[in-house]
Amino acid sequence: MKVLVVGGSGFLGGELVHRAAAAGWETAATYCSGRPGTTPGTAWHRLDLRSPARIDELLTEVAPDAVVNATSGQSDWAVTADGSVRVAMAAARHGCRLVHVSSDAVFSGSRISYDESCLPDPVTPYGAAKAAAETAVRLLTPSAAVARTSLIIGYGGSAHERMVHELVAGTREGVLFTDVVRCPVHVEDLAGALLELALSDRAGMFHLAGPDALSRHELGVLIARRDGLDATRLPAARRTGTPAPGALDVRLVSTAVQGQLRGAREFLQPP
């Protein structure tokens, strides 16, 4: 199996590269503004998704069996939306299996629980870019798997974990909202599920999130306790009534993937 991880230098991408290489797959990965990773046996390539010709050149050079697009340009439409469309078009031209990673940010939270049949109704620029990307991917490559996920947690390397440590240490200003709810997933579980999709021929939409719905503050408390920090130092507040953008309560429900993803209450247990 030969796989190309687009966005391999990111938090999720790095775990995908590590697991693919450990499984003996011939692994290639891309980076853009940062540095290439250090996973042994991985071929690293600089790729700017705003350069269509370079994407085709790279797929010709690597000739992967599967492409996993784990990149995120946040609200940068040229990367998150247009760039993902270019990857899908190139994968279709080269006959590659495509797994595209999307986000629960495509939903407004108006119905709280969302299964794979729910249509996007984003309320932020990032959510709109992700929704545009996944819609185009499904139209351009009907055989692709599109995987929506939620907050990704690891062993201290995620943005939310770093924020918790900084808030407890008093080196960062901010609060953890008690009314913003998501279904966190462990990066190892998510990467494993995505690589399983890459190996399969399953097409369509997949929700890959944990079974536990937690507020940002509840999640922060679990992280602090796991890491031996004083959770009482975490500032809490409600986002309702503030101008902060984004959905409040979004819970991804999976009808297509069962039993693979642990809940945060399990994977954040103190050692």
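What radius of gyration does the protein chain have, and what would a compact globule with 271 residues have? The radius of gyration of the protein chain is 18 Å, in agreement with the value near 18 Å for a compact globule with 271 residues, where the radius is taken over C-alpha atoms and the globule rule is 2.2 Å times the number of residues to the power 0.38. The structure is a predicted model, in which local features need pLDDT of at least 70 and side-chain atom pairs count only at pLDDT 80 or more, whereas totals for chains, interfaces and linings use all residues. Residues are numbered from 1 along each chain as its sequence is written, and side-chain values use heavy atoms, with hydrogens and water left out.

Along the principal axes, the C-alpha atoms of the protein chain fill a box of roughly 55 × 40 × 35 Å. The protein chain has 9 helices and 15 strands, assigned as DSSP runs (helices H or I, at least four residues; strands E, at least two) and numbered from the N terminus. Of its 271 residues, 52% count as buried, a class defined by under 20% relative accessible area, with exposed meaning over 50% and partly exposed in between (1.4 Å probe, protein chains only). Among the contacts (heavy atoms within 4.5 Å) with a separation of 6 or more, 75% join residues 24 or more positions apart.

D179 lies in the loop between β9 (176-177) and β10 (181-182), and D179 is buried, with a relative accessible area of 10%. The side chain of D179 makes a polar contact with the side chain of T240 at 2.5 Å, a polar contact being a pair of N or O atoms within 3.5 Å; within protein, one must be able to donate a hydrogen and the other to accept it, and residues adjacent in sequence count only if both atoms are side-chain atoms. A polar atom of the D179 side chain also lies 2.8 Å from the backbone nitrogen of R239. Not counting residues up to four places away in sequence, D179 touches A237, R238, R239, T240 and L248.

S215, in strand β13 (residues 214-215), counts as buried at 4% relative accessibility, and, leaving aside neighbours within four places in sequence, S215 is in contact with F177, T178, V180 and V181. S200 is found in the loop between α7 (187-199) and β12 (204-208) and is partly exposed, with a relative accessible area of 22%. S200 and R265 are 65 residues apart in sequence and, C-alpha to C-alpha, 30 Å apart in space.
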